[in-house]
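Open the structure in your viewer and keep the selection tool at hand. Each stop below names what to select and then says what is there.

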Amino acid sequence: MDEFLPGDVWLVGAGPGDPDLLTRKAERLLRTASIVFYDALVGPGVLALIPEQVRLVPVGKRSGRHSKDQSAINVLLVEAALNGERIVRLKGGDPSIFGRSTEEIGALSAAGIRTRICPGITAASAAAASAGISLSLRGLARRLQFVTAHLRNGEKLALDWATLADPTATTAFYMGRGAAGEISRQLIAAGLSGATPVLIACDISLPGERLLHTRLDLLPIAVGAVTEDKPTLLLVGEAVASNGARAAATLAEHLP
């Protein structure tokens, strides 16, 4: 068991939202902390596990919503650590996957503050589990790619589309709702078939979870039907086809 001393900071993964998907270590750290700085994507069930005496400080970090900027969050963490708090910086999913951990660790390290990471279940894994599919598939999907599609206003989604349009890979686009149209157009233009399976997932692991199987050329229409303004994950690749569709394809291959 790692010591959690006054002045220490733990970056803790809250997972996709379901408190049952927290690691035992994450739960112990939340109960030992004196203060928790948490993101907007942290599920309410996770926050409910934190004892009443622990101070909770919301720091936002959700696309399209007001939040503190990263430099302000860094200052809050450093000040709390220097005041002798036992700090949990609680992030949705896994802190090391699009969680800006490097910026926070850098600011804390510069102030001489000990910082450690407790990993969490990332949204792509949780969505695949909910849908009953695998992110990899022998003979079809040998590679997994994680991409963030989150952009500031006015920015262009500048990605290596030729590399991403790999028919032997599964690609997870985090925060993909707003970029769904461009993702569809660019991947098809780079050579990926319009019939490539896509899984759209939002509110992953929560009671209101929505999952929709579609195809790449229909993605711009389908995404608007299920996601509203919710943070959305897009899984693209042959491995994410529904089990029914894959069973039908397998049967067709073996028919005379």
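Predicted model: local features only at pLDDT ≥ 70, side-chain atom pairs only at ≥ 80, totals over all residues.

Residues are numbered from 1 along each chain as its sequence is written, and side-chain values use heavy atoms, with hydrogens and water left out.

**The sheet.** Start with the five strands of the open sheet, in the order β3-β2-β4-β1-β5, paired in parallel. Strands here are DSSP runs of E with at least two residues, helices are runs of H or I with at least four, and both are numbered from the N terminus. Two strands count as paired if DSSP finds at least two bridges between them. Select β3 (55-58) and β5 (115-118): they stand at the edges with a single partner strand each, so one side of each has no neighbour in the sheet. From one strand to the next, the twist averages 20 degrees.

Next, select residues 9-13 and 87-91. These are β1 and β4, which run parallel and are joined by five bridges. Within the pair, V12 has L90 in β4 as its bridge partner.

**The helices.** Select 24-32, helix α1, which packs on the sheet and touches β1, β2 (35-38), β4 and β5. Contact means heavy atoms within 4.5 Å. The direction of α1 makes about 135 degrees with that of β1; axes are lines fitted to C-alpha atoms, for helices over the stretch in contact, and angles run from 0 to 180 degrees between N-to-C directions. Now select 70-82: helix α3 lies across β1, β2 and β4, at about 155 degrees to β4.

Move to α5, residues 123-131, where the buried residues include A123, A127 and A131. Buried means under 20% relative accessible area, exposed over 50%, and partly exposed in between (1.4 Å probe, protein chains only). Just after α5, G132 takes a positive phi of about 70 degrees.

**The segment before β1.** Select P6, which lies in this segment. Is P6 buried or exposed? With a relative accessibility of 54%, P6 counts as exposed. Leaving aside residues up to four places away in sequence, P6 touches G84, E85 and R86. The C-alpha atoms of P6 and N83 are 8.5 Å apart, although 77 residues separate the two along the chain.

**Last stop.** Select L144, in strand β6 (residues 143-148). L144 counts as partly exposed because its relative accessibility is 40%.
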